Amino acid sequence: MKIRFSIYFIFLTIVISVCFSCKNTTEEKFLVQTTTNPAQQFSDFDSIQVKAFFKNYPLLKKYEADVQKLYKEHHYNYIWFDLKGINEFANLLYDKINNLDEEGLQISVPYKDILEEIRNNTNKYKGFNIETELLYSSWYMFYASNVYHGLDSKKSIEMEWYIPRKKLTYVSYLDSLLANPSLINKEEKKLIGQYFLLKKALQNYRQIQKEGGWSNIPIDTTVKTYKIGDSSKVITQIRARLFASGDLKSDSKSPVYDKELANTIVNYKLTRGMLASSIITNTLIKDLNIPVSERIKTIIINMERCRWVSSDIPKSKELIAINIPSFQLAYYKNQEVVLRSKVVVGKTMNKTVIFSSPMKYIVFSPYWNVPNSILKNEILPGIEQNKNYLEEHDMEWYDNGVRQRPGPKNSLGLIKFLFPNSNNIYLHDTPSKNLFERETRAFSHGCIRVAKPKELAIEILKDDPNWNPEKIEEAMNSGKESWYTLKNKIPVYIAYFTAWVDNDGLIHFYNDIYNRDEALTNLLFKQ
């Protein structure tokens with residue numbers, strides 16, 4: 001009996017101990033939840049109430065699905081309130097929404113009057129309020145979609161932008177913002193770095209506009225150029241213009257074209273995609289006369305284009321980027337530029353398409369298979385006029401078409417780089433090297449001619465044991481077509497930016513060669 005009693009006593013002690021332990025654990029868990037987010041104890045709304053809210057606020061209807069998803073994940077708990085009322089992050093969101101112009105956005109905030117009413121009467125909104133709660137969630141979705149994503153993907157495609165856009169979800173991102181509200185001022189994770197450089201440039205140009213901008217410089221049609229040593233009132237006006245935009249550090253007001261101004265002119269031309277020359281032409285003066293208001297619009301529309309670029313792209317181990325308006329190619333490895341090259345792009349009638357695709361092959365000593373459009377419009381008429389046309393151009397009939405044999409006369413030069421795509425666009429060499437010395441380089445039928453094709457091949461194959469510069473040179477001049485499959489596919493992005501800030505913080509403006517800016521400007525500024 002004593003043994004049984006002892007066993008029973010020990011068992012009873014263990015049970016009581018476990019019960020008290022469970023009770024303490026439950027109480028601790030409840031206290032932690034309440035302390036972490038007091039609003040969680042007010043789970044007093046559901047999906048039906050959320051749906052009813054959007055019937056009363058139709059301007060926010062487009063965000064209903066995201067808001068429903070948000071509260072489903074949060075079990076229909078309050079997000080924007082704590083026990084003191086509207087929380088800190090709601091106030092930060094207000095500041096962001098109230099300064100959308102800093103993001104280059106020309107849009108109206110839905111129900112802005114209600115937002116101001118809530119902001120200016122905080123005492124009135126101390127208690128938990130489902131309508132205010134859902135308004136803030138909708139305003140967050142409005143802010144995030146416009147700042148991080150921009151125009152709807154269908155609209156960007158209408159702008160002939162075919163680079164795939166990353167589908168973003170702002171529900172999970174909101175959780176990290178709620179945990180650390182200061183992250184809303186660190187948007188680099190959602191947008192590419194160029195966006196923030198343009199944002200800073202926008203601030204600078206708006207300040208220039210606030211200070212009066214710059215005056216128009218009359219063009220004297222009797223004078224074609226101005227050179228160092230020339231004296232003219234126009235030189236004084238150019239000096240004042242460059243000082244107003246911050247390109248010239250000081251304004252001596254001298255009418256004499258001196259070396260200091262000449263250096264500034266050369267640098268200015270480089271930021272406009274012009275040839276590096278100190279000669280002042282009427283073309284340059286026309287560029288100087290573009291008002292600051294137009295430059296601001298250009299910055300804004302290129303900030304919008306930045307929203308269309310996935311923030312993951314610049315993080316790629318390798319990538320080749322071509323900017324059509326600047327006629328430039330940049331090859332990146334580990335986020336550093338290892339090669340820059342001038343390029344020739346499609347002329348207005350044969351626009352180079354904005355898209356992306358992985359480079360898979362390099363073709364040495366390539367044939368050029370003449371496209372049917374060129375065959376019909378150029379080759380066949382040439383044959384009619386000259387029976388020896390094909391032989392003189394080193395061409396031959398092949399497979400019901402015409403192709404040009406490998407060699408120095410070949411229109412593709414000695415090498416081409418293939419990234420298969422439905423547009424049949426690729427990078428290639430060219431025998432017409434003189435075209436790279438022109439300011440405007442839109443001459444091709446759509447493909448992209450590269451000024452430094454051999455250097456590009458050497459850099460691409462740098463770590464491939466099968467190749468070295470000598471073998472590349474030999475393959476390019478062999479006169480026999482040969483294909484090589486790359487071990488690592490390289491993403492190629494062909495984009496369209498008419499404003500770009502370089503690593504030194506200098507903003508570059510490029511001519512809108514395909515007139516794409518106007519359509520986007522009309523779309524952005526009429527909203």
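User: Over the face of which ring does Lys297 lie?

Analyst: A charge sits over a ring if NZ of Lys or CZ of Arg is within 6 Å of the ring centre and within 35 degrees of the ring normal. Lys297 lies over the face of Phe525, 5.5 Å from the ring centre. Arg516 is placed over the face of Tyr496, at 5.4 Å from the ring centre. This is a predicted model, in which local features need pLDDT of at least 70 and side-chain atom pairs count only at pLDDT 80 or more, while totals for chains, interfaces and linings use all residues. Residues are numbered from 1 along each chain as its sequence is written, and side-chain values use heavy atoms, with hydrogens and water left out.

User: Which residue meets Arg516 in a salt bridge?

Analyst: Side chains of opposite charge can pair when their charged atoms come close. The cut-off for a salt bridge is a side-chain nitrogen of Lys or Arg within 4 Å of a carboxyl oxygen of Asp or Glu, and a search of the whole structure finds 22. Arg516 pairs with Glu160, at 3.2 Å from N to O. Arg516 is in helix 18 (residues 516-525) and Glu160 in the loop between helix 7 (153-158) and helix 8 (171-179), 356 residues apart; helices (H or I, at least four residues) and strands (E, at least two) are DSSP runs, numbered from the N terminus.

User: Is Arg516 buried or exposed?

Analyst: Buried means under 20% relative accessible area, exposed over 50%, and partly exposed in between (1.4 Å probe, protein chains only). Arg516 has 8% relative accessibility and therefore counts as buried, whereas Glu160, at 33%, is partly exposed. Another salt bridge joins Arg239 to Asp258, with the closest N and O atoms 3.7 Å apart. Arg239 is buried at 0% and Asp258 is partly exposed at 25%.

User: How many aromatic pairs does the search find?

Analyst: A pair of aromatic rings is described by the distance of the centres and the angle of the planes. Rings of Phe, Tyr and Trp (its six-membered ring) pair if their centres lie within 6.5 Å; planes under 30 degrees apart are stacked, over 60 edge-to-face, and the rest tilted. The whole structure holds 26 aromatic pairs. Phe53 and Phe54 have ring centres 5.0 Å apart and planes at 85°, so they are edge-to-face. Both Phe53 and Phe54 are buried. Tyr57 and Tyr111 are also edge-to-face, because their planes stand at 90°, with centres 5.0 Å apart.

User: Which residues of the largest nonpolar core touch the most other members?

Analyst: A nonpolar core is a set of buried Ala, Val, Leu, Ile, Met, Phe, Trp, Tyr and Cys residues joined through side-chain atoms within 4.5 Å. The largest has 120 residues, and Trp80 and Ile460 touch the most other members. Helix 6 (residues 130-149) contributes the most, with eleven residues. Beyond four places in sequence, the residues that Trp80 touches (heavy atoms within 4.5 Å) include Tyr71, Phe89, Tyr136 and Leu174.

User: In what order do the three strands of the open sheet stand?

Analyst: Strands of a sheet pair through backbone hydrogen bonds, either parallel or antiparallel. Two strands pair if DSSP finds at least two bridges between them. Here the order is 9-11-10, with antiparallel pairing. Strand 9 (368-369) and strand 10 (395-398) each have a single partner strand, so one side of each is left without a neighbour in the sheet. Four bridges connect strand 10 with strand 11 (residues 401-404), and Met395 is opposite Gln404 in strand 11.
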